[in-house]
Amino acid sequence: MNLLWIYRSMEMIRVLLVLLVLLVLGSAEGRRVRGQRTQTPESFPLDFTAVEGNMESFMTQVKNLAQSLYPCSTQKLDQEMKLQFLRNSSVTCNDGSPAGYYIKESRGSRRWLMFLEGGWYCFSKHTCDSRYETMRRLMSSSKWPPTRTGTGILSSQPEENPHWWNANTVFVPYCSSDVWSGSTAKTDQNDYAFMGSQIIQEVVKELVTKGLDGAKVLLLAGSSAGGTGVLLNVDRVSELLEDLGLGSVQVRGLADSGWFLDHKQYRFTDCIDTISCAPTEAIKRGVRYWNSVVPERCSRVYNGEDWNCFFGYKLMVDNVHLTGQPVQEGQWRYIQNLGSELRNTLKNVPAMFAPACLSHEIITRSYWMDIHVKGTSLPRALQCWDRSLRHHGNSSSIQAPPRGCPLHLIDSCPWPHCNPTCPTIREQLTGQEMSVIQFLTHLGFDVQRVAQQQGMEPHKLLGMLSNGT
């Protein structure tokens, strides 16, 4: 599911744009605006009053105009982000190699997008040793390529990324294995460094010298562990900019698949590796191992039990591993209950984008524009959110959305992956595509029984499943 969540505290306004995927959880935290800012337009003012009733058509025309002018620009627009290692060599990846970031500057733009990569975690010497053997790129910069091409919200192509294509784009590779929370250097006593929170701080400091000091908006975004990293660091980024005299920069947060739930596992297992270990126990161990830094307010709320500030559970089903055995009825009920728990956490959320899709990490996928809820695409929902904040200024509540620009979008169909615009499900080992019916049947979905419960003929239910209604 994907949602926009507004949260207020006594000291600050937080705008939380949370991207969740049903059963594979997504979340967000994020905006803190302090001080006064000059209301100067980035380039030229636009009056949308005359087109409020037909915004989609208007944006299509703007996109086509941008595409037609794109190759004619006197400035050669480089599609690739270039690697920069941190100047502060004491801030490193797990293995002591230098941390860094990829950047594509867009001169003249006052919008900045800083994306935190995801990739799970390790929480002990044993699990980190195993991770280093099998996923070294997530613990070392030794083989990072010199450039990267952005996709989804990181794309510089207006047809793929209609609202953020011309922003200054920064991609921060994940090499700390600590959910972007650690503050421990590699020493003779420590086999690995865990410096995720410090990597973020150092990247922001360097971006200030590259033009962030003139920014209007900094969107801190991330997927999976990077999404949780947004939750843990967005306030610290805002505080850092304020300390540097840049309190007028609006800091916002966008977390994709980072909304975790505290719930019991279907079956208890020993905590011997990152896959079998219950998420709560893994995070508890990780917080100590990483020397994690969490938001002070959250730490106070939980009396120092800082693991509560991460939280969760993640169910990977973008690539489904089929065991050949159907899910038992009890497991099916567990999945259904998990979906209900997730919906219950959204009761007080004033705005959201929540497709009933079994998918993990969306915003950097090339197909992110294809996902709709009630006729509204994800980029369009982000634009509505951005407009509500931009017109809103420094006041403490979001204004009523413009006509044709909904902020509260959630699927109402009752089973997983029932939205017809959801990404295709693929079996992990073979790569074979699966229909929704095939997937639900594997989960133990009994068409005859469910149809009877719903008071309809089985063939009608099958048609609904096929059409995503």
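Predicted model: local features only at pLDDT ≥ 70, side-chain atom pairs only at ≥ 80, totals over all residues.
View A. H4 covers residues 225–243; helices (H or I, at least four residues) and strands (E, at least two) are DSSP runs, numbered from the N terminus. Expected span here is 1.5 Å times one less than the number of residues. Most of H4 is tucked away, with 15 of its 19 residues buried (buried means under 20% relative accessible area, exposed over 50%, partly exposed in between; 1.4 Å probe, protein chains only). After the helix comes Gly 245, whose phi is positive, near 80°.

**View B. Helix H3 under its cover.** Here 11 of 13 residues are buried, among them Ile 199, Ile 200, Val 203, Val 204 and Leu 207. Two glutamates, Glu 202 and Glu 206, are on the buried list too. What covers these buried residues includes E5, E6, strand E7 (111–116), strand E9 (168–172) and H4. As for length, H3 should span 18 Å, and its end C-alpha atoms sit 19 Å apart, which agrees.

**View C. Glu 206 and Arg 87 in a salt bridge.** A salt bridge is a side-chain nitrogen of Lys or Arg within 4 Å of a carboxyl oxygen of Asp or Glu, and here the N to O distance is 4.0 Å. This pair ties together distant parts of the chain, 119 residues apart: Glu 206 belongs to helix H3 (residues 196–208), while Arg 87 is in the loop between strand E5 (80–85) and strand E6 (100–104).

**View D. Glu 281 and Arg 285 along helix H5.** The closest N and O atoms of this salt bridge are 2.8 Å apart. Why can the two be linked to one helical turn? They are four residues apart in H5 (residues 279–290), so about one turn separates them. An α-helix has 3.6 residues a turn, so residues three or four places apart point the same way. Both ends are partly exposed, Glu 281 at 28% and Arg 285 at 32%.

**View E. Arg 136 and Glu 133.** These side chains meet in a salt bridge at 3.7 Å, N to O. Arg 136 is partly exposed at 38%, and Glu 133 is exposed at 60%. By the same rule, the count comes to six salt bridges.

**View F. Glu 117 and its surroundings.** Glu 117 is found in the loop between E7 and helix H2 (125–134), and is buried at 10% relative accessible area. Leaving aside neighbours within four places in sequence, its contacts (heavy atoms within 4.5 Å) include Arg 137, Phe 171, Tyr 174, Trp 180 and Gly 226.

Technical notes:
Residues numbered from 1 in each chain as written. Heavy atoms only, no water.
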